[in-house]
Amino acid sequence: LMSHAHSLASFIWGCGIHPEPDCAAEQKSPPSTPQDGCTHRHEWTEAVNEVQLLMEKMMMVQQQEEEFTPEEMVTRFERERTESLLEPAEVARSVLPDSVSRFVRDPDFIYQDFSPKGEQAPPTMRAQDYSWEDHGFSLMNRLYGEMAQLLDEKFLVVYALTYHTMAMHTDVDTSTLRKALWNYIHCIFGIRYDDYDYGEVNQLLERNLKVYVKTVACHPEKTTLRM
C-alpha cells in the first residue's frame, strides 16, 4: 500500500498535475512576448522530431530478433546500472516544513544510489526470486484475500496503462517504451529481470529522459518544468 501510494504521488508530483501549494509561486510564468512565441514554436518542432525518432527506434527494437546468452544479459544489466549512477539525481537534503515533518519519522531516509561510486556493488535482486505474481499475491491472499485481489487489479492496470498515443500520433504500440521505462526504474533500485535485454533501455531512452525518470522516481519534489 505504501509503495502504491508513493508511486502515485511521485507520478502526480513529477508531472506537475497538481503542484504543491508552496511550489505554486515558482511555477507562475511571466507575461509572454513575441520572442516567446518563436521559442515555443522552435521547441515544439524539436519535440515533434524527437517523438518521430523515438517511434522509429521503437519499431527497430520490436523487429529485433537477436538473442543473447545469460552472461551477456547480465553484462548489459550491469552496464546500465553503472550508467544510471551518472544521472545527476543526488540532491542536497532540505529541511522539511513543520506541516510535513510532523508526519515523518526519519527525515534522513531518502533515496541513495544502489551502488555509489567507489563502493563494491551489492548483489542485485533477481525479480524472478521474489515477485508479486508468485509470492506476494499468495501471501496477501492468505492474510487478506479481498485486498490481494484489489492490489492485483491495480498492478495490472498500471502495467498496461496507455492511451496508445505519442504526441500527435495515435494507435501507437507503446509497450516497448513502457517496458524500457519500467525496467529502467527497477534497475535504478537494483532489481534485474533475467529475460529482458537492457540494451533496449539505451536504445530508447535518451539521457535527458533518463534524468527526468530518475528524478521522478527518486526525488519527485525536485522535478522542474524545464525537465
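**Cysteines, aromatic pairs and the nonpolar core**

At 10% relative accessibility, C218 of this predicted model counts as buried. C187 is buried as well, with a relative accessible area of 0%. Both values fall under the 20% that sets the limit for a buried residue. The number of disulfides in the structure is 0.

The protein chain contains 9 helices and 4 strands. In sequence order these elements give the pattern α-α-α-α-β-α-α-β-β-α-β-α-α. Of the 227 residues in the chain, 26% are buried. The chain exposes about 16,300 Å², and 58% of this area is supplied by carbon and sulfur atoms. When contacts between residues at least 6 apart in sequence are considered, 67% of them join residues at least 24 apart.

Aromatic side chains were examined next. The whole structure contains 5 aromatic pairs. One of these is formed by F77 and Y198, with an edge-to-face arrangement, a centre-to-centre distance of 5.0 Å and an angle of 70° between the planes. This pair links distant parts of the chain, since F77 belongs to helix α3 (residues 70–84) and Y198 to the loop between β4 (191–192) and α8 (199–204), 121 residues apart. F77 and Y198 are both buried. A further edge-to-face pair consists of Y159 and W182, at 4.7 Å centre to centre and with 85° between the planes.

The surroundings of Y198 were considered in detail. Y198 has a relative accessible area of 1% and is therefore classed as buried. Beyond its neighbours within four places in sequence, Y198 is in contact with R76, F77, E80, N183, C187, I191, R192 and Y193. The buried cysteine C187 is thus among the contacts of Y198. The C-alpha atoms of Y198 and V74 are separated by 8.7 Å, while the two residues are 124 residues apart along the chain. Ring pairs also join F77, Y196 and Y198 into a cluster. The ring of F77 has the charged end of R192 over it, at 6.0 Å from the ring centre.

The largest nonpolar core comprises 22 residues, and the members that touch the most other members are M58, M166, L177 and L204. Two or more residues of this core come from each of the elements α2, α7, α8 and α9 (207–218). In soluble globular proteins, nonpolar side chains tend to be buried together. With residues up to four places away in sequence left out, M166 touches V51, L54, M55, M58, V172, T174 and L177.

M55 is located in helix α2 (residues 34–63). Its relative accessibility of 17% places M55 in the buried class, because that class extends to values under 20%. Excluding residues up to four places away in sequence, M55 touches M166, H169 and V172. The C-alpha atoms of M55 and L177 lie 9.1 Å apart in space, and the two residues are 122 residues apart in sequence.

Backbone angles were inspected for residues other than glycine with positive phi. A167 has a phi near 55°, a positive value in a residue that is not glycine. This residue, A167, lies in the loop between β2 (165–166) and β3 (169–170). A167 counts as partly exposed, at 48% relative accessibility. D171 also has a positive phi, of about 55°, although D171 is not a glycine. The loop between β3 and α7 holds D171. At 74% relative accessibility, D171 counts as exposed, because the exposed class begins over 50%.

Conventions. Residues numbered from 1 in each chain as written. Predicted model: local features only at pLDDT ≥ 70, side-chain atom pairs only at ≥ 80, totals over all residues. Heavy atoms only, no water. Buried < 20%, exposed > 50% of the residue type's maximum accessible area, 1.4 Å probe, protein only. Contact = heavy atoms within 4.5 Å. Disulfide = S-S within 2.5 Å. Phe/Tyr/Trp six-rings, centres within 6.5 Å; stacked < 30°, edge-to-face > 60°. Lys NZ or Arg CZ within 6 Å of the ring centre and 35° of its normal. Areas by Shrake-Rupley, 256 points an atom, 1.4 Å probe, with all protein chains shown as cover. Core = buried A, V, L, I, M, F, W, Y, C linked by side-chain atoms within 4.5 Å.
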